[in-house]
Amino acid sequence: MIGYLILSDGTTFEGEIEGNFLEPCEGELVFYTGMTGYQEVLTDPSYKDQIVVFTYPLIGNYGINEKDFESKKPQVKGVVVFQATAQYSHYLAKYSLQQYLNKWNIPYITNIDTRAIVKKIRSNGSQIAAITAKRRVLFEQKLSHQPVKEVSGTKIETYGEGDKHIALLDFGFKKSILTSLLKRGCKVSVVPVHSLNEIHDLSPDGLVLSNGPGDPKQLENQLPQIFELISKYPTLGICLGHQLIALSLGGNTKKLRFGHRGANHPVIDHKTGKVFMTSQNHSYVVDANSLEPLPVHVRFTNVNDQSVEGLVHEHLPILSVQFHPEANPGPEDADWVFDEFLEIYVTARREKVYA
Ligand SMILES: NC(=O)CC[C@H](N)C(=O)O
């Protein structure tokens with residue numbers, strides 16, 4: 001039946017919806033530009049409460065499998081695609097995209113002008129929108145300001161048996177961060193956000209601060225604790241984790257007009273002069289000006305808009321990246337970040353170079 005995507009400024013796009021739409025689905029409207037990777041996007045906890053527009057016009061042609069989930073369920077609030085195909089072909093596929101979304105009651109709208117929607121967000125900035133069966137909607141704006149607490153785990157869980165013990169601070173971690181560490185022979189304890197004070201008892205060799213949803217400033221109360229932890233242990237921050245490191249050191253973050261979400265964002269490493277492609281999914285960035293008085297330097301910069309893509313601390317073993325070295329979806333060109341962290345930062349610490 002006919003349905004609508006209504007932006008909070010009143011702009012309305014018509015498309016097709018299925019199912020029971022008594023309640024409009026409301027969320028922040030963002031767009032993802034990768035041609036593939038929809039399964040990982042839908043289940044990445046960083047997308048919590050967001051309505052995702054897929055810019056590639058045909059989504060779903062390799063189905064949904066049991067292996068590529070980034071968390072246990074879809075995290076997005078709603079989905080906007082031009083064509084969501086019911087026909088799929090892949091040796092691992094178990095469901096079609098629609099079957100999966102229907103199973104979890106995730107609203108989606110199809111046959112809609114995704115190009116016009118993205119142009120609108122690009123020029124006016126991201127905004128709240130609703131997928132609805134009605135032509136008008138009263139926005140309730142009931143969006144959570146604490147999404148990290150909703151996606152972080154309930155208790156500390158330990159995986160693997162490697163000789164390097166990493167505490168993965170769970171702000172809504174993607175499974176691929178855990179598997180990237182396990183694959184490199186680490187033992188990993190995933191620590192929920194409400195258990196950060198138990199990290200010292202684990203005596204980890206290093207910390208990885210995970211990705212996660214929403215504004216990093218929602219965790220303002222945890223910043224002193226995060227500062228204390230990263231001052232003590234070798235640390236890698238990824239996406240939200242990177243933003244939290246900058247905030248805890250006294251830097252600032254700001255919101256981009258429309259975020260970076262896709263699989264081909266070029267980043268330069270100032271240490272080597274090399275540019276590589278990265279997977280990204282974020283709305284906020286570290287404000288470069290706020291870093292000037294701090295003992296950090298910008299190691300990585302986004303080649304498209306010159307925004308900060310990563311930091312190193314000048315005398316503590318802290319490395320942080322705004323992009324996703326764990327990929328999934330997207331290129332694996334940056335997976336060496338894990339190797340550098342484990343081989344240089346964590347190992348050096350063990351050899352007391354940083355003692
Ligand atoms: N992937 C992430 O960790 C996203 C970080 C943060 N929620 C942002 O949008 O900027």
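Student: Into which domains is the protein chain divided?
Tutor: Residues are numbered from 1 along each chain as its sequence is written. This is a predicted model, where local features need pLDDT of at least 70, side-chain atom pairs count only at pLDDT 80 or more, and totals for chains, interfaces and linings use all residues. The bounds come from an automatic or database domain assignment. That gives domain 1 (2-132) and domain 2 (150-350).

Student: How many residues does each domain bring to the contact?
Tutor: Taken over C-alpha atoms, the centres of domain 1 and domain 2 are 27 Å apart. Residues count as in contact if their C-beta atoms, placed from the backbone, lie within 7 Å. On that basis, domain 1 brings 23 residues and domain 2 brings 22 residues.

Student: Which element gives the largest share of the side of domain 1 that touches domain 2?
Tutor: Helices (H or I, at least four residues) and strands (E, at least two) are DSSP runs, numbered from the N terminus. At least two residues of this side come from each of β3 (25-32), α1 (38-43) and α3 (114-124). The largest share is 3 residues, and it belongs to β3.

Student: How do the residues around the ligand divide by class?
Tutor: The shell takes in residues whose C-beta atom, placed from the backbone, lies within 6 Å of the ligand, among them S46, N211, C239 and Y284. Strand β16 (residues 274-286) gives the largest share, 4 residues. For the classes, Ala, Val, Leu, Ile, Met, Phe, Trp, Tyr, Cys and Pro count as nonpolar, Asp, Glu, Lys and Arg as charged, and the others, Gly among them, as polar. Here that comes to 4 nonpolar, 8 polar and no charged residues.

Student: Which are the edge strands of the open sheet?
Tutor: Strands pair if DSSP finds at least two bridges between them. With mixed pairing, 10 strands line up as β10-β12-β11-β13-β14-β19-β18-β17-β15-β16, and the twist averages 25 degrees from one strand to the next. The strands that pair on one side only are β10 (157-159) and β16.

Student: What angle does α5 make with β12?
Tutor: Helix α5 (residues 175-183) packs on the sheet, where the strands it touches include β11 (164-170) and β14 (235-238). Axes are lines fitted to C-alpha atoms, for helices over the stretch in contact, with angles from 0 to 180 degrees between N-to-C directions. For α5 and β12 (186-192), the angle is about 155 degrees.

Student: Which residue in β14 is the bridge partner of L207?
Tutor: Let's start with the neighbours of β13. β11 and β13 pair in the parallel sense over 4 bridges, with I166 opposite G206. β13 also pairs with β14 in the parallel sense, over 3 bridges. There, the partner of L207 is T235.

Student: Are the residues on the two faces of β13 buried or exposed?
Tutor: A residue is buried if 20 or more other C-beta atoms lie within 10 Å of its own, exposed if 12 or fewer, and partly exposed in between, with C-beta atoms placed from the backbone. G206 and V208 sit on one side, L207 and L209 on the other, and these four are all buried.

Student: How many residues of helix α8 are buried?
Tutor: Helix α8 (residues 240-248) is mostly covered. Its buried residues include L240, H242 and S248. Just after α8, G250 takes a positive phi of about 105 degrees. For the helix, the buried count is 9 of 9.

Key
Contact = placed C-beta atoms within 7 Å.
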